[in-house]
Amino acid sequence: MSVRVGAARIRAALVTLISFFVLAAATGCAGGDDERPRVVVTTNILGDITREIVGDEADVSVLMKPNADPHSFGLSAVEAAEIENADLVVYNGLGLEENVLRHVEAARESGVATFAAGEAADPLTFHTGRDGGPEDEAGEPDPHFWTDPDRVRKAAGLIADQITEHVAGVNEKAVRANATRYDGQLADLTTWMEKSFAAVPENRRALVTNHHVFGYLADRFGLRVIGAVIPSGTTLASPSSSDLRSLTQAMEEAGVRTVFADSSQPTKLAEVLRQEMGGDVDVVSLYSESLTEKGKGAGTYLEMMRANTSAMAEGLTGD
């Protein structure tokens, strides 16, 4: 008798367990239709731009943390899974997110819609020589297109197109309205930057940075890139002693005494250059490749560009 009772209890327990899983599966399926669409963005600069366009129409997940380096940040297993389950992945491309691109490529191969904003923004090419001299050699496409707000305007419009095409459930009218409003803000930014850099004398329009990151800005607003402490488009490279000597000589010839350093990177290399030039080189910190937390100086793309423009104009004029 006890055997029968025991068997009955086991059967009852199994029925209860099976019912639980069936109910959970049914609930999950029913809730699936109510899940909000999701856009995943690799870098925080593109993340801010994308959020302005998406508005409340979808969830936007940004993988790169504030103050991180886009060249070196990586993903957790959970973040990699977010890419694979996204309705749309927006990324910079052109080799910027060096540790993340393989995840984006894998998602694209599995059928996820992806958009490389940098590749669609008329990319320029790196030049690794000094100020167009004989050592100037064309290199890889420059991924730092966001330093030109006009290119961001183009990319933002294309992001809006991608959202309306690939993200089911969004209100296209609302997305287009968001994109139009943000385009106006970007146009105002361009006008303000033009006026700010117009005040810089012609003989002071020369840039030296930690690494090559402001080529688009220089091209758009009539500045010259003398060189960089790290003669590369990535912070993962390192300068040689000959690189530093060459840059020091170029700075002396151009009368440049200011180095603009990335806020997301240590200024050690710029400090070395300061020592080599006699200690009278100014090092100005810029928000070049990453946004900060809200309220920390560059919480949005628009805030970052205005802060950088003010700092650059002041550093170049010596005011």
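1. Does Arg205 count as buried or exposed? Arg205 has a relative accessibility of 11% and therefore counts as buried, where buried means under 20% relative accessible area, exposed means over 50%, and partly exposed lies in between, with a 1.4 Å probe and protein chains only. Its side chain meets that of Glu202 in a salt bridge with an N to O distance of 3.8 Å, whereas Glu202 is exposed, with a relative accessible area of 61%.

2. On provenance, this is a predicted model, in which local features need pLDDT of at least 70 and side-chain atom pairs count only at pLDDT 80 or more, while totals for chains, interfaces and linings use all residues. Residues are numbered from 1 along each chain as its sequence is written, and side-chain values use heavy atoms, with hydrogens and water left out.

3. The structure holds twelve salt bridges, the criterion being a side-chain nitrogen of Lys or Arg within 4 Å of a carboxyl oxygen of Asp or Glu. One of them joins Arg36 and Asp59 at 2.9 Å, N to O, and it links distant parts of the chain, from the loop between helix H1 (2-32) and strand E1 (38-41) to strand E2 (residues 59-62), 23 residues apart; helices (H or I, at least four residues) and strands (E, at least two) are DSSP runs numbered from the N terminus. Arg36 is partly exposed at 42% relative accessibility, and Asp59 is partly exposed at 28%.

4. Glu194 and Arg220 form a salt bridge whose closest N and O atoms are 2.5 Å apart, linking helix H6 to helix H7 across 26 residues. Glu194 is partly exposed at 33% relative accessible area, as is Arg220 at 24%.

5. A search of the whole structure finds two aromatic pairs, for which rings of Phe, Tyr and Trp (its six-membered ring) must have centres within 6.5 Å, planes under 30 degrees apart counting as stacked, over 60 as edge-to-face and the rest as tilted. The rings of Phe145 and Trp146 have centres 6.2 Å apart and planes at 75°, so this pair is edge-to-face, and both residues are buried. Phe197 and Phe221 form a tilted pair, at 5.4 Å centre to centre and 40° between the planes, which connects helix H6 (residues 172-198) with helix H7 (residues 215-221). Phe197 is buried at 1% relative accessible area, and Phe221 is buried at 7%.

6. Finally, the charged end of Arg220 sits over the ring of Phe221, 4.9 Å from its centre, under the criterion that NZ of Lys or CZ of Arg is within 6 Å of the ring centre and within 35 degrees of the ring normal.
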